[in-house]
Amino acid sequence: ADGIRWLPRLIAKARIKLRGEMDPDLMYGCAGDRPFLHQHHMTLPEFLQLVWDKGDDDRAIVDTVKARSGIR
């Protein structure tokens with residue numbers, strides 16, 4: 001994910017949550033997710049919507065996160 005730490009994990013977790021398959025021991029919005037999204041100027045619901053909208057297009061998700069946070 002263009003070297004953006006935590007993003008691959010968060011994309012996977014969002015997809016699992018959207019499918020309704022999240023393991024009870026896993027949490028979307030954990031202590032790692034919230035600061036990451038805050039740093040990239042997104043909320044938990046916005047990120048879920050992004051993953052929903054972009055589906056399996058990881059490139060589009062990465063590009064949107066980069067654009068929101070001003071990364072080139």
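Reader: What makes the 16 residues a nonpolar core, and which of them touch the most other members?

Author: A nonpolar core is a set of buried Ala, Val, Leu, Ile, Met, Phe, Trp, Tyr and Cys residues joined through side-chain atoms within 4.5 Å. In the largest such core, which has 16 residues, Leu7, Tyr28, Leu37 and Phe47 touch the most other members. Two or more residues each come from H1, H2, H3 and H4. Helices here are DSSP runs of H or I with at least four residues, numbered from the N terminus. This is a predicted model, in which local features need pLDDT of at least 70 and side-chain atom pairs count only at pLDDT 80 or more, while totals for chains, interfaces and linings use all residues. Residues are numbered from 1 along each chain as its sequence is written, and side-chain values use heavy atoms, with hydrogens and water left out.

Reader: What does Phe47 touch?

Author: Contact means heavy atoms within 4.5 Å. Leaving aside residues up to four places away in sequence, Phe47 touches Leu7, Leu10, Ile11, Ala14, Tyr28, Leu37, Met42, Ile61 and Val65.

Reader: Why is Leu50 called buried?

Author: Buried means under 20% relative accessible area, exposed over 50%, and partly exposed in between, with a 1.4 Å probe and protein chains only. Leu50 has 7%, so Leu50 is buried. Leu50 sits in helix H3 and touches Met42, Ile61, Thr64 and Val65, not counting residues up to four places away in sequence.

Reader: How do you know that the buried residues of H3 line one face?

Author: In H3, residues 44-54, the buried ones are Phe47, Leu48, Leu50 and Val51. Seen down the axis of H3, they fall within an arc of 160 degrees, so they line one face of the helix. The arc is that of the directions from the helix axis to the C-beta atoms. Pro45, Trp52 and Asp53 are exposed on the other side of H3. The cover over the buried residues of H3 includes helix H1 (7-19), helix H2 (33-39) and helix H4 (58-69).

Reader: Why are H1 and H4 called oblique?

Author: Angles under 35 degrees count as roughly parallel, over 145 as roughly antiparallel, 65 to 115 as roughly perpendicular and the rest as oblique. H1 and H4 pack at about 120 degrees, with their axes 12 Å apart. The two helices are therefore oblique to each other. Axes are lines fitted to C-alpha atoms, for helices over the stretch in contact, and angles run from 0 to 180 degrees between N-to-C directions. Leu7, Ile11 and Arg15 in H1 meet Asp58, Ile61, Val62 and Val65 in H4.

Reader: What makes Pro8 partly exposed?

Author: The relative accessible area of Pro8 is 47%, so Pro8 counts as partly exposed. Pro8 belongs to helix H1. Between the C-alpha atoms of Pro8 and Arg59, 51 residues apart along the chain, there are 11 Å.

Reader: Why are Trp6 and His41 called partly exposed?

Author: Trp6 has a relative accessible area of 30%, so Trp6 is partly exposed. His41, at 49%, is therefore partly exposed as well.
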